[in-house]
Amino acid sequence: METVDRMYMERALRLAFAGMGITSPNPSVGAVLVRDGEVISTGSTCACGGDHAEVCALRNACSPAEGGDLYVTLEPCCHQGRTPPCTDALIASGVRRVFLPILDPNPMVAGGGVGCLRSAGIEVVMMDEMASEANDLIRPFKKYILHDRPFVLHKAAMSLDGRIATGSGDSRWISGEASRFLVHRLRSLADAIIVGKGTVERDDPELSVRLGSFSDEVRQQFERQDPRIEGYRNHFLRLLLDSREFNPAASPLRVVFGIPDALRPGLKIFGDGNFLFIGAEKERGSMERREDHRFLRELEDSKRLVLVDGETPAAVVDNALRVLHGRGILMAVLEGGGKLAASFFDARAIDQYFYFIAPRIIGGGLPVLDGRGGDSIAGSPRLCDVSTVVIGEDLLYSAYDGIA
Ligand code: AOF
Ligand code: ZN
């Protein structure tokens, strides 16, 4: 593979990354169109129902694409979905070659796009050397399309002894400012942020993206340094650390598991209509006896409160994730507390662990996963694609559960 090919694909991957959180439930894809050694246009997937990256790049081109090369981060689609097949548009454009790193995991495509282009005489160059980079960006979509559940990233900030708060619930702040800034970047790419009802009762959190509220010093830190990722060279992590393009207006769905006591309209979670409470169907009886039952009924009627079946907390989590899948959530960031995270763990629903380990020792307090846990080490999940990076004085540890 030529260095220039790598460079164009790298540019396409950056475009794909910048679109995360906007395109769901479509995967965010990037495309770069090159002719005679010059980039004539770029494109990325539009919001769901809109043009795909390839069509966008062809449309943006300032001169004819005929005879050109297209670098695209995912195999072009060959099916009629909400939009027509990209392969048709590419064949009609007269491009000579299409470079791509991975096939589309969607069973409706899965190699069909490549076959279609080749039969039309377009040369398809598989860039296997960049498959892992492209795959890192597509993991949420893979989970969504193959397992009918959103990809769940569990983010936590903990002391060196694995605690997310003291026994009395104090948690501000365990990690440093730079780590917290990174979490807002992460939120800006997610489709949903999940917390437990206890967090809403205790902290009245905003759960918003506040990239602008950090000091210039912190922001510049990420502009200056070339972050040194140890272990697995996770491309998603790399772009999270060094990309400049984050959407300050991103507004992921705020999801609360459980129905907080005394829901008052003034809570920050109600800041706009973009929230959802998910409870267990077996709580319905107690819900109807509450003083605010009318308000809860209104929330349910407007589909901002959903009750799901499930005998155990893990079964409730699994059914809740089906609901989120149904609402087009590709990537959810699970944020606190330890009990909710343990129910996700028991449901084997956490795909990525994203832990900030700070230089504090609490010596007790609330553990990051507050569950029963497994009985044997051999039987506990072995994580893979482990990366670490130093953020200020914290250590960020990222690893995936093998399932994803
Ligand atoms: C591409 N380029 O930029 C994206 C693709 O319903 P539709 O028409 O929007 O198609 C959605 C499917 O297309 C999606 O599930 C995935 O397989 C593929 N996404 N394909 O050629 C793109 N986002
Ligand atoms: Zn397409």
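A residue counts as near a molecule if one of its heavy atoms lies within 4 Å of it. By that rule, 18 residues surround ligand 1. This is a predicted model, in which local features need pLDDT of at least 70 and side-chain atom pairs count only at pLDDT 80 or more, while totals for chains, interfaces and linings use all residues. Residues are numbered from 1 along each chain as its sequence is written, and side-chain values use heavy atoms, with hydrogens and water left out.

**Ligand 1**
- The closest surrounding residues are Thr 45, Glu 54, Arg 82, Thr 83 and Asp 104.
- An N or O atom in the side chain of Asp 104 is 2.5 Å from an oxygen atom of ligand 1.
- Polar side-chain atoms of His 52 and Asn 26 also lie by oxygen atoms of ligand 1, at 2.8 Å for His 52 and 3.0 Å for Asn 26.
- Taken alone, ligand 1 exposes 520 Å², of which the protein buries 97%; accessible areas come from the Shrake-Rupley method with a 1.4 Å probe.

**Zinc ion (ligand 2)**
- His 52 (ND1), Cys 77 (SG) and Cys 86 (SG) coordinate the zinc ion at 2.0 to 2.2 Å; donors are N, O and S atoms within 2.8 Å of the metal (3.2 Å for Na, K and Ca).
- The donor residues follow the spacing H-x24-C-x8-C in sequence.
- His 52, in the loop between strand E2 (38–44) and helix H2 (53–60), is 25 residues from Cys 77, in the loop between strand E3 (69–72) and helix H3 (86–93).

**Burial**
- Buried means under 20% relative accessible area; His 52 is buried at 16%, and Cys 77 is buried at 5%.

Methods
Chains lettered and ligands numbered in written order. Helix = DSSP H or I, 4+ residues; strand = E, 2+ residues; numbered from the N terminus. Buried < 20%, exposed > 50% of the residue type's maximum accessible area, 1.4 Å probe, protein only. Polar contact = N/O pair within 3.5 Å; in protein donor to acceptor, adjacent residues only side chain to side chain.
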